[in-house]
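Notebook open, structure loaded. I wanted to look up the charge pairs, the aromatic rings and the surface.

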Amino acid sequence: MSRATRRGKEVGEYYDRYAGEQVRLVVGRVEGRLALGAFTPQAAARPAYFMFLEWRDGRVQAIRDYRYVPYIADEAEFEAA
C-alpha cells in the first residue's frame, strides 16, 4: 500500500485535485469506523469510494483515501450519520 505523509499546506494541495470534480462527501460509518462517503453523479445511490479518518486529541491524524480502489465501496456497507 502506498502511504504518503503530508502536513499543513501539503494536505490542502493534495485535496486540490478534487476541486474540479462533482463529489458530495457524507459523514458516516463503515464497519464501525468513521468515514466520509464520496458520492458522485455516476454513483448517486452508494458512495463511489471512501475516506477513513483517524483522530487523536481532537485533530485528524490520518486520512486513508480509497478513491483509486472503488471495489472497496462495492463490498462495504455505508451508514450515513
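My entries follow, topic by topic.

**Ground rules.** I am working on a predicted model, where local features need pLDDT of at least 70, side-chain atom pairs count only at pLDDT 80 or more, and totals for chains, interfaces and linings use all residues. I number residues from 1 along each chain as its sequence is written, and side-chain values use heavy atoms, with hydrogens and water left out.

**Salt bridge.** How many salt bridges does the structure hold? I found one, taking a salt bridge as a side-chain nitrogen of Lys or Arg within 4 Å of a carboxyl oxygen of Asp or Glu. Arg67 and Glu21 are the partners, at 2.0 Å from N to O. The two sit 46 residues apart and link distant parts of the chain: Arg67 is in the loop between S4 and helix H2 (71–75), and Glu21 is in the loop between helix H1 (9–15) and strand S1 (24–30). For these elements I use DSSP runs numbered from the N terminus, with helices (H or I) of at least four residues and strands (E) of at least two.

Is Arg67 buried or exposed? Arg67 is buried because its relative accessible area is 16%, and buried means under 20%, exposed over 50%, partly exposed in between (1.4 Å probe, protein chains only). Glu21 has 30% relative accessibility, so I log Glu21 as partly exposed.

I also listed what Arg67 touches, with contact meaning heavy atoms within 4.5 Å. Not counting residues up to four places away in sequence, Arg67 touches Arg17, Tyr18, Glu21, Tyr49 and Phe50.

**Aromatic rings.** I pair rings of Phe, Tyr and Trp (its six-membered ring) if their centres lie within 6.5 Å; planes under 30 degrees apart are stacked, over 60 edge-to-face, and the rest tilted. That rule gives me four aromatic pairs. One of them joins Phe39 and Phe78, edge-to-face, with 6.0 Å centre to centre and 70° between the planes. Phe39 lies in strand S2 (residues 33–39) and Phe78 in strand S5 (residues 78–80), so this pair ties together parts 39 residues apart in sequence. Both Phe39 and Phe78 are buried.

Phe50 and Phe52 make a tilted pair, with 6.2 Å centre to centre and 35° between the planes. I have Phe50 and Phe52 down as buried too. Phe39, Phe50, Phe52, Tyr66 and Phe78 belong to one aromatic cluster.

Next I checked for charges over rings (NZ of Lys or CZ of Arg within 6 Å of the ring centre and within 35 degrees of the ring normal). Arg24 lies over the face of Phe39, at 4.8 Å from the ring centre. Arg33 lies over the face of Phe52, at 4.1 Å from the ring centre.

**Gly28.** I placed Gly28 in strand S1, and with a relative accessible area of 0% Gly28 is buried. Leaving aside neighbours within four places in sequence, I get contacts from Gly28 to Arg33, Leu34, Ala35, Phe78, Glu79, Ala80 and Ala81. The C-alpha atoms of Gly28 and Ile63 are 14 Å apart, for residues 35 places apart along the chain.

**Surface patch.** Ile63 lies in strand S4 (residues 59–65) and is partly exposed at 34% relative accessible area. Val11, Trp55, Val60 and Ile63 form a nonpolar surface patch with about 330 Å² of accessible area together. My patches take residues with over 30% relative accessible area and no salt bridge, joining like charges within 9 Å and nonpolar side chains (Val, Leu, Ile, Met, Phe, Trp, Tyr) within 5 Å. The areas come from the Shrake-Rupley method with a 1.4 Å probe; for residues, only the protein chains shown count as cover.
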